[in-house]
Amino acid sequence: FELTTKKYKLEANYGSTGKKIAVQETINFKLPAEVSSPFENSDYKGWKITNDTVIIYQNDPSDVTKVYKFRVKKGLSKHDLLYSSEGVLLKDNTVK
């Protein structure tokens, strides 16, 4: 299922049994301070966020547990970063 507006896109992902796995919301506005502050004080300080941020929920946007996924770039280097809603870097994937 997918819903798209000018400000965001909401997409529900289902497994092969029909059970909802996660909900992803794509936003095109600033990260919340709980995520942007740790990012700006990380090894990626000065890197540019190059795409919209995807917020991943277990069930729906009211969930407390959220993961923020976004791509950063500096020079020819690109990384996809995943941050918890508490500002903890969960995953750092180099984009080739």
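Colleague: Setting aside neighbours within four places in sequence, which residues is Val-35 in contact with?
Modeller: Val-35 is in contact with Tyr-68, Phe-70, Tyr-83, Ser-84, Ser-85 and Gly-87. Keep in mind that this is a predicted model.

Colleague: What makes these count as contacts?
Modeller: Heavy atoms must come within 4.5 Å, so each listed partner of Val-35 has to meet that limit.

Colleague: What is the overall layout of the protein?
Modeller: From the N terminus on, the order is β-β-β-α-β-β-β-β-β. That makes 1 helix and 8 strands. The protein has 96 residues, and 30% of them count as buried. Its accessible surface is about 6600 Å², with 51% belonging to carbon and sulfur atoms.

Colleague: Which residues touch the most other members of the largest nonpolar core?
Modeller: They are Val-35, Phe-39, Tyr-44, Phe-70, Val-72, Leu-81 and Tyr-83, out of 13 residues in that core. Helix 1, strand 5 (53-57), strand 6 (66-74) and strand 7 each give two or more residues. Strand 6 gives the most, with 3 residues.

Colleague: Why would nonpolar side chains gather like this?
Modeller: In soluble globular proteins, nonpolar side chains tend to be buried together.

Colleague: Why is Asp-80 called buried?
Modeller: The cut-off for buried is under 20% relative accessible area. Asp-80 has 13%, so it counts as buried. Asp-80 sits in strand 7.

Colleague: What makes Arg-71 partly exposed?
Modeller: Arg-71 has a relative accessibility of 27%. Buried needs under 20% and exposed needs over 50%, so Arg-71 falls in between.

Colleague: Why is the pair of Asp-80 and Arg-71 called a salt bridge?
Modeller: The closest N and O atoms of the two residues are 2.7 Å apart. The limit is 4 Å between a side-chain nitrogen of Lys or Arg and a carboxyl oxygen of Asp or Glu, so the pair qualifies. Side chains of opposite charge can pair when their charged atoms come close. The structure holds 1 salt bridge.

Colleague: Why does the link between the side chains of Asp-80 and Arg-71 also count as a polar contact?
Modeller: The value is 2.7 Å. A polar contact needs N or O atoms within 3.5 Å, so the distance passes that test too.

Colleague: What pairs with strand 7 over 6 bridges?
Modeller: Strand 8 does, in the antiparallel sense. Strand 7 and strand 8 form a hairpin with 4 residues between them, and Gly-87 in the turn has a positive phi of about 90 degrees.

Colleague: Why is strand 7 called largely enclosed?
Modeller: 6 of its 8 residues are buried, so the rest of the structure largely encloses strand 7. Strand 5 is mostly covered, with 4 of its 5 residues buried. Strand 5 runs antiparallel to strand 6, joined by 4 bridges. Among these links, Val-54 has Lys-69 as its bridge partner.

Colleague: What makes Glu-86 exposed?
Modeller: Exposed means over 50%, and Glu-86 has 58%, so the label holds. Glu-86 is also in the loop between strand 7 and strand 8. A polar contact of 3.3 Å joins its side chain to that of Ser-85. Glu-86 and Glu-34 are 52 residues apart in sequence, yet 5.8 Å apart in space, C-alpha to C-alpha.

Colleague: How do you know that Lys-45 is exposed?
Modeller: Its relative accessible area is 58%, which is over 50%, so Lys-45 is exposed. Lys-45 lies in the loop between helix 1 (33-40) and strand 4 (48-49). Residues up to four places away in sequence aside, Lys-45 touches Phe-39 and Glu-40.

Notes: Residues numbered from 1 in each chain as written. Predicted model: local features only at pLDDT ≥ 70, side-chain atom pairs only at ≥ 80, totals over all residues. Heavy atoms only, no water. Buried < 20%, exposed > 50% of the residue type's maximum accessible area, 1.4 Å probe, protein only. Areas by Shrake-Rupley, 256 points an atom, 1.4 Å probe, with all protein chains shown as cover. Core = buried A, V, L, I, M, F, W, Y, C linked by side-chain atoms within 4.5 Å. Pairing = 2+ DSSP bridges. Polar contact = N/O pair within 3.5 Å; in protein donor to acceptor, adjacent residues only side chain to side chain.
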